[in-house]
Amino acid sequence: MTHKMEIDGVEVAFTEGETILEVAQRHQKEIPTLCYDPRLEPFGGCRLCIVELEGARNPVASCTTKATPGMVVRTSTDTIEAYRKTLLEMVVSENREVDVSPLRGYASGELATLRDRYEINGSRITGTTSGTNKTDDDNPFILRDYELCISCYRCVRVCAEQEGDHAINVMNRGFHTQITTEFDGLLKDSACTFCGQCIQTCPTGALGDKKALRAADQVGDTVPEKTRTICPYCGVGCSVDILTKNEKIVGIHPAMEGPANQGALCVKGQFAYDFVQHPDRLNTPLVRGNDGELHEATWEDALDKAVEGFRKVNAEHGRHSIYGIASGRAPSEAAYLMQKFIRVGFGTNYIDNCSRA
Amino acid sequence: MSNPLVDMQKPDVIFCIGTNMTECHPVAATGLKKAVARGAKLIVADPRRIGLAEMSHLYLPLRVGSDTALLLGMAHVIAREGLINEDFIENRTTGFDAFFEHISQWTPEWAETITGVPAKDIETAAMWYGSANKGAIYYTLGITEHICGVENVQSLCNLALMTGNVGREGTGINPMRGQNNIQGAGDSGALPNNYPGFQAVTDPAHQAKFKAAYGREVDLEKGITKVTALELCGDSIHAMLIDGENTLLSDPDRAHCEHALRSLAHLVVIDIFLTETAELADVVLPATAWGETDGVCTNTERRVQRMRAAVPPPGEAKPDWWIICQIAQRLGFKGFDFDEPKPIFNELCRVSPIYAGLDWDRIENSEYQWPVPHKEHPGTPRLHEETFVNGRGIFSNVHYRDPAETISEDFPVWLTTGRRLQSYHTRTQTGRAQGIDYLLPEESLEVNPADIERWELADGEWCKMSSARGSINIKVKATNRSPRGTVFASFSFADVPVNLLTGSGYDPITHTAELKVCPVRLEPL
């Protein structure tokens with residue numbers, strides 16, 4: 001059911017259940033947010049998305065306020081923008097640093113972007129920083145740099161709502177708020193599955209991708225190139241972006257609009273990518289020599305040897321003596337040509353793939 | 001999967017059997033977790049107390065290999081309690097009367113004697129699933145890797161057909177595929193019984209079509225499966241071309257498998273690493289890997305998606321398609337003059353009715369789930385909405401069969417095998433990813449504490465595990481995830497080659513190995 005409301009003087013349509021923020025974003029209103037992740041339940045923690053609502057005494061958080069028919073909303077008045085700037089100044093003042101490597105995570109630049117948009121130089125409000133780093137957590141994947149934490153709880157909420165793992169939660173309140181696991185221990189000893197979702201939703205880089213950060217020096221503050229593809233592991237088919245710099249894979253981002261995963265990944269898809277450029281990779285053909293060992297060979301020699309063997313076996317034992325096994329990991333073009341090779345080449349159906357074991 | 005992944009959040013009752021989804025398909029499992037958080041009931045049948053079992057409302061700890069009995073018992077209760085969907089049965093199915101007669105004998109009390117699951121729990125599961133407005137079934141290899149894999153799947157189909165839980169949002173029969181393009185490999189015709197697009201090789205119309213497309217006479221009968229081919233190595237099979245499979249570690253009965261591959265006159269392996277299988281080859285050809293290869297893959301919900309190259313390959317590694325074309329051209333075969341993957345995929349689309357509406361450019365945004373029979377077709381997220389492929393859904397009067405081997409005095413413990421969250425298959429990839437070792441440095445055998453005592457083992461110590469085919473040494477880990485009398489290990493670690501022990505039998509129709517059941521003996525070292 002569609003209804004009408006007014007945003008910044010323009011009448012717009014919305015469907016029941018939408019929040020003011022969702023309606024405004026559909027109409028290209030750039031309302032700042034920090035605690036908002038469209039995949040999660042509205043939280044209303046950072047208050048940056050406040051808007052003026054006619055008839056309401058105070059500004060309301062647009063992410064938690066449902067649109068209702070006839071509402072009149074102003075998203076960017078001088079008063080609202082001043083509030084937002086003050087809120088941001090306070091947030092920025094609590095953090096050790098705001099400019100972080102883009103390798104920390106998908107959303108890690110959000111705070112820095114807003115700081116620049118609101119032209120905050122950090123001088124008006126100064127004071128103690130909040131959050132205590134978990135430096136004893138030696139896990140190889142998730143950096144816990146809580147001096148950059150702004151208590152938006154996106155990590156806690158993505159772990160609970162998106163992953164259903166409830167591995168992390170909030171300890172203490174106010175300035176002493178700290179994200180932690182049960183008994184304030186290591187992630188390894190918690191329900192954490194190292195899916196990396198907390199890293200990717202963190203808007204400040206308080207949680208960072210330790211593996212990707214190994215390339216921080218090469219990448220600097222430039223954003224690595226992204227290539228959209230599908231995860232190489234199970235059959236769910238999660239969409240991912242491969243991050244590259246100078247022809248090296250430096251990390252993986254989940255694709256938030258991936259139809260199979262909607263931004264979710266698991267530990268394998270998020271972190272187990274470096275087999276690709278591993279020194280063990282075969283980089284030249286190998287042919288078994290008369291000494292019984294495999295030796296490096298040119299493509300010409302290797303292909304000749306491969307062909308000679310098939311020709312000989314075909315001549316000696318007939319076309320039903322040759323069998324093909326296609327891969328469940330290679331693209332469909334490989335599987336298609338494998339079956340075509342057997343069917344065109346030998347006229348048999350002596351072809352299978354690795355799905356039976 | 002009959003239904004799309006997004007449907008996983010929508011059922012009222014979810015029945016998971018033989019699927020360790022939180023470890024093997026973790027992202028799909030997030031959908032189930034959301035459904036449960038929303039109030040859906042979760043029934044989990046699995047011999048092991050896996051993560052899904054921990055979050056279930058009803059856990060059915062069945063004995064390994066007894067799935068058919070459990071499902072017959074559930075069908076009995078659904079029929080007895082009048083929870084059948086008469087309209088659906090009348091309009092969409094065939095054979096129900098005979099099936100109704102057939103299941104009258106398979107009571108939950110009988111099923112309890114086979115499965116070890118209390119009859120009242122079988123009844124509850126049947127009542128829940130049978131009463132659901134939207135009941136969905138999810139399964140994985142715990143259903144298919146048995147000598148009765150076909151009967152297990154048919155039994156699940158029986159449940160869905162009798163309750164009408166097919167062809168609607170949040171329902172269906174949903175197998176989770178294990179590899180990123182295992183669906184695509186089958187779609188592409190790499191099967192001994194089907195041409196591309198699952199067109200039966202025994203159908204004269206399909207034979208004529210491919211005779212014309214490929215320009216040569218084709219065999220009129222099915223080929224043999226990989227399992228049979230491995231049995232015939234050195235006998236009638238003398239050469240193999242293997243693309244990207246570590247057959248030696250992934251397949252059952254490693255000794256048999258190694259003997260088979262060694263007895264070939266000619267073995268050519270295309271792979272990205274020198275795997276245990278590649279080490280046996282006469283020629284090893286280096287392929288480009290994921291991240292280096294442009295191509296297409298199809299996921300478990302039949303979604304056809306593009307994979308894209310991001311970095312150049314190492315050294316002289318080449319795409320699989322290029323390598324196959326080179327071999328074919330040098331043998332004088334026609335139709336292999338490709339210099340990029342796009343026309344190869346487009347050719348597949350032209351000969352495959354399920355991909356007929358697709359081409360390389362149309363799948364750019366991952367929008368299509370097959371079948372896509374023509375260019376105007378929007379794709380098919382949900383199968384069987386109006387009709388089944390063969391017209392009507394067929395009830396199968398299945399019978400329970402014991403596993404190929406059952407526990408005995410010599411081998412008194414059930415071994416079941418599977419996968420773990422942090423490692424993938426034979427670890428050719430995850431074993432080379434930094435940090436994974438921190439989470440899972442080695443394989444261990446999951447043993448119930450009571451069994452540790454009974455077999456005089458010790459937690460954290462090594463034991464010798466033997467089957468009728470061989471023995472391996474493996475570290476013992478005490479856990480209540482394993483029930484008494486059943487132990488678990490993955491086959492991922494090369495230094496603990498669990499598939500030396502497996503290989504007791506195969507499903508006679510699919511030739512899928514019974515990797516989920518293997519009687520063993522445990523002894524301290």
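**Close-up views of a two-chain model**

**View 1. Strands β11 and β12 of chain A are joined by bridges.**
Strand β11 of chain A (residues 239-245) runs antiparallel to β12(A), and 6 bridges join the two strands. The model shown here and in the views below is predicted. Across this pairing, Val240(A) stands opposite Pro254(A), which belongs to β12(A). Both strands take part in an open sheet of 3 strands, ordered β10-β11-β12 in chain A, in which the pairing is antiparallel. Its edges are formed by β10 (225-230) and β12 (248-254) of chain A, each of which pairs on one side only. On average, neighbouring strands of this sheet are turned by 30° against each other, direction ignored.

**View 2. Strand β3 of chain A pairs with β4(A) and is also joined to β5(A).**
Strand β3 (residues 50-53) and strand β4 (residues 60-61) of chain A are antiparallel and share 2 bridges. Ile50(A) has Ala61(A) as its bridge partner in β4(A). The hairpin of β3(A) and β4(A) has 6 residues between the strands, and in this hairpin Gly55(A) takes a positive phi near 95°. Another 2 bridges connect β3(A) with strand β5 (residues 72-74) of chain A, again in antiparallel fashion.

**View 3. Chain A and chain B are in contact, and strands from the two chains are joined by bridges.**
On the chain A side, 101 residues are in contact with 125 residues of chain B. Helix α10 of chain A (residues 332-346) gives the most to this side, with 13 residues. By class, the side of chain A that touches chain B comprises 53 nonpolar, 30 polar and 18 charged residues. Strand β13 of chain A (residues 286-288) runs antiparallel to strand β11 of chain B (residues 283-286), and 2 bridges join them. Leu286(A) has Val284(B) as its bridge partner in β11(B).

**View 4. Helix α17 of chain B has buried residues that are covered by elements of chain A and chain B.**
The buried residues of α17(B) are Pro341(B), Ile344(B), Phe345(B), Leu348(B), Cys349(B) and Val351(B). An α-helix has 3.6 residues a turn, so residues three or four places apart point the same way. The cover over the buried residues of α17(B) includes α10 of chain A, as well as α12 (204-214), β12 (295-298) and α16 (320-330) of chain B.

**View 5. Ser366(B) lies in a loop of chain B and touches residues of chain A and chain B.**
The loop that holds Ser366(B) runs between α17 (341-351) and β14 (393-394) of chain B. Ser366(B) counts as buried because 20 C-beta neighbours lie inside 10 Å. Leaving aside residues up to four places away in sequence, Ser366(B) touches Ser239(A) and Pro259(A), together with Arg303(B) and Gln305(B). Thr298(B) is 68 residues from Ser366(B) along the chain, and 9.6 Å separate their C-alpha atoms.

**View 6. Chain A is shown as a whole, with 10 helices and 16 strands.**
The C-alpha trace of chain A spans about 90 × 50 × 35 Å along its principal axes. The radius of gyration of chain A is 27 Å, whereas a compact globule of 357 residues would have a value near 21 Å. Of the 357 residues in chain A, 52% are buried.

**View 7. Chain B is divided into domains.**
The bounds are 5-176 for domain 1, 178-223 + 288-313 + 338-373 for domain 2, 224-286 for domain 3 and 413-524 for domain 4 of chain B. Taken over C-alpha atoms, the centres of domain 2 and domain 3 of chain B are 24 Å apart.

Notes
Residues numbered from 1 in each chain as written. Chains lettered and ligands numbered in written order. Predicted model: local features only at pLDDT ≥ 70, side-chain atom pairs only at ≥ 80, totals over all residues. Domains from an automatic or database assignment. Pairing = 2+ DSSP bridges. Helix = DSSP H or I, 4+ residues; strand = E, 2+ residues; numbered from the N terminus. Axes fitted to C-alpha atoms, helices over the stretch in contact; angles between N-to-C directions. Contact = placed C-beta atoms within 7 Å. Nonpolar A, V, L, I, M, F, W, Y, C, P; charged D, E, K, R; others polar. Buried ≥ 20, exposed ≤ 12 C-beta atoms within 10 Å, placed from the backbone. Rg over C-alpha atoms; globule rule 2.2 N^0.38 Å.
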